[in-house]
Amino acid sequence: MNSPTAHDFIPAGSTLPGLVGNTPVLHVSRPFTPPGRGFWAKLEGFNPGGIKDRPALHMVERARARGDVKPGCRIVESTSGTLGLGLALAGTVHRHPVTLVTDPGLEASMIRLLAAYGATVDMVPEPHPTGGWQQARRDRVAELLAEHPGSWCPDQYNNPDNVTAYTPLALELAAQIGHIDVLVCSVGTGGHSAGISRVLRQLYPELSLVGVDTVGSTIFGQPARTRLMRGLGSSIYPRNVAYENFSEVHWVSPAESVWACRQLATSHYATGGWSVGAVALVAGWLARTLPRDTRIVAVFPDGPQRYLETVYDDEFCARHGLLDLPPAPEPDVVGRPDEKEVTRWTRCSTVHDPMLALPGGADVEGEAR
């Protein structure tokens, strides 16, 4: 009889992939709502790198299963940070070298952390003359794929595996919360809003999905502008965005997000980055204005660690004019996304795919910052 080894005693959930998922929920009330009201926050910052650990692992595992990714091949992707952490994790788990293409807007702490996790960070030096940083990063990814034969790009913005990766998260929410009336998600690649809502709608057919974007983002039909907030928003139209699922969209400004992040920190000892602040602001308003028994869930994609030099840095925030008065108690309202360019928290209940009005329509592809 063989003697047991140390490996035989590794408990379930203590491997690296086992650290991803089963994140907690927190009930959030004051100061976002009066006593007796509130919303539930799914704290995805409890994953090792954040919410995108889920799709990073899933996209790599599915590609390996299909034979698209060969053992030991290089993974190359453009990232604004959080997916980079997830791909570094997937590279460690499945033994793939990882190259992440980013731009000077990525926080210095994130660059150091990605390198510490074994990823190669490739920084584009200047923006594309017409396509900005995004196109510069896309061009560099294409160059690296050509330089490394057999390498693979997950293309999170258009990869359907990015959507299906969130099925476990949706099932976790159903088990933790029970019936859900409203789901509030930030939108960048469109993956988690599409994946979670698709599953929850099968369980709760009347579910409303509320999208949260940043000012200066084109996803829902606003003009593209330089954006300070990272992790949500885009200057193109990612094909994973399930426009038909949304009941309404809110655009939030950086100052409004900073206020919400800092309020979360002092009141609930739980907070995160730009996306978390924007989502909390909108979810709080919904909890104040919808009937008291409405069950609202907001997805908080990450924690505060990578934002210590931005959202939680008084000097940075003052330099960018982000320490002004608190946001208005309710959003501005527009009847359609292209009615006017928004610069503060604004709501629109008309949601459609902006690409349907463009020449070429859905044949156009792109990448979110």
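**A helix and its surroundings**

Mentor: The protein chain carries 32 positive and 38 negative side chains, and the centres of these two sets are 3 Å apart. Here Lys and Arg are the positive residues and Asp and Glu the negative ones, with His and the chain ends not counted; each charge is placed at NZ of Lys, CZ of Arg, CG of Asp or CD of Glu.

The model is predicted, so local features need pLDDT of at least 70 and side-chain atom pairs count only at pLDDT 80 or more, while totals for chains, interfaces and linings use all residues. Residues are numbered from 1 along each chain as its sequence is written, and side-chain values use heavy atoms, with hydrogens and water left out.

The chain contains 10 helices and 11 strands, taken as DSSP runs numbered from the N terminus (helices: H or I, at least four residues; strands: E, at least two). Its radius of gyration is 20 Å, close to the 21 Å that the globule rule gives for 369 residues, so the chain is as compact as a globular protein of that length. That radius is taken over C-alpha atoms, and the rule is 2.2 Å times the number of residues to the power 0.38. Of the 369 residues, 54% are buried, meaning under 20% relative accessible area with a 1.4 Å probe and protein chains only.

The part to examine is helix H6, residues 167-177, in which Leu 169, Ala 170, Glu 172, Leu 173, Ala 174 and Ile 177 are buried. An α-helix has 3.6 residues a turn, so residues three or four places apart point the same way. The buried residues of H6 pack against strands E1, E2 (39-43) and E9 (296-300), and against helices H1 (53-66) and H7 (191-203); contact here means heavy atoms within 4.5 Å. After H6 comes Gly 178, with a positive phi near 80 degrees.

The strands that H6 meets, E1, E2 and E9, belong to an open sheet of eight strands with mixed pairing, in the order E1-E2-E9-E6-E7-E8-E11-E10. Strands E1 (25-28) and E10 (332-333) are its edges, each pairing on one side only; two strands pair if DSSP finds at least two bridges between them. Within this sheet, E7 (residues 208-214) and E8 (residues 246-252) are parallel and share six bridges. Asp 213 has Trp 251 of E8 as its bridge partner.

Terms used: Buried < 20%, exposed > 50% of the residue type's maximum accessible area, 1.4 Å probe, protein only.
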